[in-house]
Amino acid sequence: MHSIDQIISYSYIPITENKVGTWRFSEPFFDEKTSPCSFHCPINQEISHIMILLENKKYKEAFLNMFEKNPLLYTTGSVCPAFCKQNCNRKEIDSSIDINNIESYLGKMFIDYDISETLSNEKRDDRICIIGFGPAGISLSYQLAKKGFIVDVFEKMEKGGGMPIYGIPDIRLDKKIAEKEIKRIEAIKKINVYYSTEIKKDDIEKLKKEYKRVIVATGLQDPVKIEGLEDVYYGIDVLIKYHTKKISFPSNGHYLVLGGGNTAMDVALYLLNNSNKVDIIARRDVLRAFEKEVEEVKKLGANIIFKAELKEWDKKRGGALININGKEDKIKADGIFICFGQKDKNFTDLKNIEKIGDIGGFEANLSTAIASGLKKAYEIIGIEKENKNIKIATIEMINKDIIEKKDKTEIINNETLIEEASRCIKCGICTECKVCETFCPDLAIDVNKRPEFDYDYCKGCGICYMECPRGVISLREVNR
C-alpha cells in the first residue's frame, strides 16, 4: 500500500484581503422606481407608500397622503376606471390589489375629518375665477385655496359635483357621502361658490378684467344629436333630468340604447333596473365603456349588438330598422336612447381661455378630471412636477417566486383593509426585506433603509438583482 500525503492549501493573508470586486464587469446599484399602479394613475398617487402606511395601521396618514392630491377620495374610488388596478403587477401572481375600493373606504372612513390642517396660512392677493364646480373645478379650487388664493366659482346647477352627481347612477355611488366631500371643499373660507349662476361665453371678457385668471371647467354636458331623427331620448339629458327629479325612467318596456360608452351603460343600467328589456346597439366590435360597467349591464340581461347602426325609427309603429354587420333587421321597441357622446355649445370655440377637464381636451373620466385640476394648480402656483425620466418597476424586474399567493380580501372593516393592503408587492421601493443581503454570496450588501453595496467585495454576479421581490436593484456596466 502506498500513502499519499494530503496537501492542504493555506493562506497567511486574511480572506478580507481577497477583494473579489476587481473581477466584476457589471455591478448592482439601488434604483428606486415608480410602481405601474402609480404611473398609470392620472393623479399619480403614491400607492405603494400608502399601502405600507395602512399595513402599519396609520389610517390618518394614508388618508392625508391621498387627500393631498385628491379631495374626492370616496367618489373617485367608487366610480373611477381604476387604471391603477388594471396595471397592478400583482395580477400576474394571483389578482390585482383592490386599490380603488381601498381609496373609497378611506374616503368614507374620514368623511367627517376636519381638513383645516391641510390648508396653509399663505395669503395671496390674486383672485382666480373658475367656471364649473365639477371634479376638475373642485380639484383646482382646493389646490389653489390651500396655497392662499381666493377662488370664486360659478356653477349653473343648484349643487356641485358635475357628472358624478348628475350623471352616475345612484346605485353605483352613494350621493349623500359624495355630496359631503363636495361640501367640505365648498366650506373652505377662500372658496366662494355661486350656485345657479350660468356664465355665457359673452361674459368671459368681462371676467378676465376682474380676475387674475379665468378657467373653464364646465365639462361636456350637451348631447351629440342626430339630425332628422325625432321622437328619441338623449342619454345625458335624461340622466341629468332624472337626477334633478324632473323625470323618471320608463318601466316594463323594450328599449334600444345607441352607443358603447359610459353614458350608454348608465342609461342601460337604469332601464334594466326598471324591469325593461334592453338592446345596446354598438357601432364597433368593442365597447368604449369601462369594463366593470359593461359587466354590470351584462349581468342584468342587456343584449349587446356589435357592428350595428340605426337606419330608421318609427315611434308610432314602434319599429327600428337596424343594419347589423351589413344586414338589415327590424326590432320592435318602445323607445330609443341616443348616447353618442357629449359636447359643449358654450365655450368650445373660445380660443384665448384656459380649460380643464374634458372640455380642455382631457380624457372624460373622473380621475383624469381631478388630475387636470391638479396640473393647472401646479402651473398657477409655480410647482414643477414633470419627471421625464421615470423608471417603472415592471413585473419582469420582480422575483415572483418569493411572493406568496394570497386571495383578494373583500374590504368590509379595518382588519380586512389591512389584509388587502398587505397583498401589495410595493413595487419599486425598498421595504428592507433583506432578501438581497441574505442571498449575496460575498456578504457585500448591508440593508439599512436601503441596500448599500461594498464594491470591494461585490463581484457583480447579479444574484441580488435577480432575487429582489420589489425591483429596486438594477445592474450597470463597470467603467474601468
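Visitor: In what kind of crossing does α11 pass α12?
Guide: α11 goes past α12 in a crossing that is left-handed. Keep in mind that we're looking at a predicted model. So, for the way α11 passes α12, the word to remember is left-handed.

Visitor: Which residues of α12 does α11 meet?
Guide: On the α11 side you'll find Gly235, Ile236, Leu239, Tyr242 and His243. Sorted by class, the residues of this contact come out as five nonpolar, three polar and one charged. The partners in α12 are Thr263, Asp266, Val267 and Tyr270.

Visitor: How are α3 and α6 placed relative to each other?
Guide: Helix α3 covers residues 59-67 and helix α6 covers residues 99-109, with axes that come within 10 Å. Those axes cross at roughly 105 degrees, and angles of 65 to 115 are classed as roughly perpendicular. Therefore α3 and α6 are roughly perpendicular.

Visitor: In what order do the five strands of the open sheet come?
Guide: Its edge strands are β4 (191-194) and β16 (354-355), each pairing on one side only. The pairing throughout this sheet is parallel. Read across, the order is β4-β3-β2-β5-β16.

Visitor: What stands opposite Val153 in β4?
Guide: Strand β3 (residues 150-154) runs parallel to β4, and four bridges join them. Across from Val153 in that pairing sits Val193.

Visitor: In β5, which residue is the bridge partner of Ile128?
Guide: Strand β2 (residues 127-131) pairs with β5 in the parallel sense, over four bridges. In β5, Ile128 is partnered by Arg213.

Visitor: Which residue in β16 does Ile215 stand opposite?
Guide: Here β5 and β16 run parallel, joined by two bridges. Helix α14 (residues 366-381) lies across both β5 and β16, at about 170 degrees to β5. The residue in β16 opposite Ile215 is Glu354.

Visitor: How many of the residues of β9 are buried?
Guide: Strand β9 (residues 277-281) runs parallel to β8 (residues 254-258), with five bridges between them. One of the pairs is His254 with Lys277 in β9. Since most of β9 is buried, it is largely enclosed by the rest of the structure, and the tally is four of the five.

Visitor: How many residues of α7 are buried?
Guide: Helix α7 takes in residues 135-145 and is mostly covered. Among its buried residues are Pro135, Ile138, Tyr142 and Leu144. The count for α7 is 11 of its 11.

Visitor: What share of the chain's 480 residues counts as buried?
Guide: The chain has 17 helices and 19 strands, and its C-alpha trace spans about 115 × 65 × 45 Å along the principal axes. Residues count as buried when under 20% relative accessible area. By that cut-off, the buried share is 52%.

How values were computed
Residues numbered from 1 in each chain as written. Predicted model: local features only at pLDDT ≥ 70, side-chain atom pairs only at ≥ 80, totals over all residues. Heavy atoms only, no water. Pairing = 2+ DSSP bridges. Contact = heavy atoms within 4.5 Å. Axes fitted to C-alpha atoms, helices over the stretch in contact; angles between N-to-C directions. Left-handed = near helix turned anticlockwise from the far one by under 90°. Nonpolar A, V, L, I, M, F, W, Y, C, P; charged D, E, K, R; others polar. Buried < 20%, exposed > 50% of the residue type's maximum accessible area, 1.4 Å probe, protein only. Parallel < 35°, antiparallel > 145°, perpendicular 65-115°, else oblique.
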